[in-house]
Amino acid sequence: MEVLGIFFVEVIMLFFLSQSLTRALSSWFYYLFKNHAIVIHLMSILFLPGVILHELSHLLTASIFFVPTGEIEFLPEIRGNEVKMGSVTIASTDPLRRFIIGVAPLFGGLSILFLLFWFFLPTLTPFSWQTAVLLYAVFEISNTMFSSRKDMEGAIGLLIVGAVFVAILLFLRVDLWGILNTWIENIFVYSLFVAMSWCLGIALGLDIVILLLTKGILRLHKLG
């Protein structure tokens, strides 16, 4: 069970850290150029591969569940004081499919990270193109795979239904903890969560380094 706890803690930490990193990079770009439009376009270029993957995850998942989709955008759109990095139009559907489509970038991003580590790990050396590609992919995916507030529409209702369902099972004395333990102790599932925890740990380390460097540079400029 410990590996499952570590995995979820890392996901939560990465969610908040990615937001801090985005703000720090935006502040650094604004300090350099003093122009909001330039900052928006630089951020969009920096995160474009991740945004493409994010929106395609929504699109592909919606198609799998037979939910109609419309226009897809990968370039930023300024709406008042907010910036929308990308979007895909998805038709109204039931809460379950809407929730799955909304969280698709998270599971898609984690799956791609796992595949990249599995593919590149045997050939990694400290200074190689494989290491550079892997670190760039980790940076892109880990900072763009989280769902927005719009993506999570309907999630609260679904979570309430899920909580009621779990409460009923507990009332019926179903050993949910034992079932979860048995599932996690499966060698394949356990190995998968261990591998994903390592992937997320590297993503966290990379974000922390970039965040500290960015904030350090900003602080030195202000002191100077």
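F66 sits in the loop between α3 and β1 (69-73). Its phi is positive, about 60°, although F66 is not a glycine. F66 is exposed, with a relative accessible area of 74%. Here buried means under 20% relative accessible area, exposed over 50%, and partly exposed in between, with a 1.4 Å probe and protein chains only.

This is a predicted model: local features need pLDDT of at least 70, side-chain atom pairs count only at pLDDT 80 or more, and totals for chains, interfaces and linings use all residues. Residues are numbered from 1 along each chain as its sequence is written, and side-chain values use heavy atoms, with hydrogens and water left out.

**Overall layout**

The chain holds 8 helices and 4 strands. Helices (H or I, at least four residues) and strands (E, at least two) are DSSP runs, numbered from the N terminus. Read along the sequence, the pattern is α-α-α-β-β-β-β-α-α-α-α-α. The chain has 224 residues, and buried residues make up 35% of them.

**Loops**

K34 also has a positive phi. The value is near 55°, in a residue other than glycine. K34 lies in the loop between α1 (2-33) and α2 (36-46). K34 is exposed, at 52% relative accessible area.

S92 belongs to the loop between β4 (87-90) and α4. S92 is exposed too, with a relative accessible area of 78%.

**Helix α3 and T61**

T61 is placed in helix α3. T61 counts as buried because its relative accessible area is 13%. What lies 2.7 Å from a polar atom of the T61 side chain? The backbone oxygen of S57 does. A polar contact is a pair of N or O atoms within 3.5 Å; within protein, one must be able to donate a hydrogen and the other to accept it, and residues adjacent in sequence count only if both atoms are side-chain atoms. An α-helix has 3.6 residues a turn, so residues three or four places apart point the same way.

**Helix α4**

α4 has 26 residues, which should span 38 Å at 1.5 Å a residue. Its end C-alpha atoms are 38 Å apart, so the span agrees. The expected span is 1.5 Å times one less than the number of residues in the helix.

Where does α4 bend by about 45°? The bend is at V103, and a proline, P105, follows within four residues. The bend at a residue is the angle between axes fitted to the seven residues ending there and the seven starting there.

**The cavity**

Rolling a probe the size of a water molecule over the atoms shows where empty space is left. On a 1 Å grid over the protein atoms alone, a cavity is a set of points where a 1.4 Å probe fits but cannot get out; lining residues have an atom within 4 Å of a point. Grid points are joined across faces, edges and corners, and a volume is the space filled by probe spheres set on the points.

The count comes to 1 cavity of 30 Å³ or more. The largest cavity holds about 40 Å³ of space. Its lining consists of G50, L53, H54, P105, G109, I141, T144 and M145.

Two helices, α3 (48-64) and α4 (95-120), each supply at least two lining residues. Which helix gives the most? α3 does, with 3 residues. The lining divides into 4 nonpolar, 4 polar and no charged residues. Ala, Val, Leu, Ile, Met, Phe, Trp, Tyr, Cys and Pro count as nonpolar, Asp, Glu, Lys and Arg as charged, and the others, Gly among them, as polar.

**Pairs apart in sequence**

Several C-alpha pairs link separate parts of the chain.

| Pair | Residues apart along the chain | C-alpha separation |
|---|---|---|
| S92 and V67 | 25 residues | 7.9 Å |
| V88 and H58 | 30 residues | 7.4 Å |
| A195 and L113 | 82 residues | 9.9 Å |
| S18 and L211 | 193 residues | 9.2 Å |

V88 lies in strand β4. V88 is buried, at 14% relative accessible area. A195 is in helix α8 (residues 187-223). A195 is partly exposed, with a relative accessible area of 23%. S18 is found in helix α1. S18 counts as buried because its relative accessibility is 5%.

Notes
1 Å grid on protein atoms, 1.4 Å probe; cavity = no way out; pocket = protein on both sides within 12 Å on 5 of 7 lines; lining within 4 Å.
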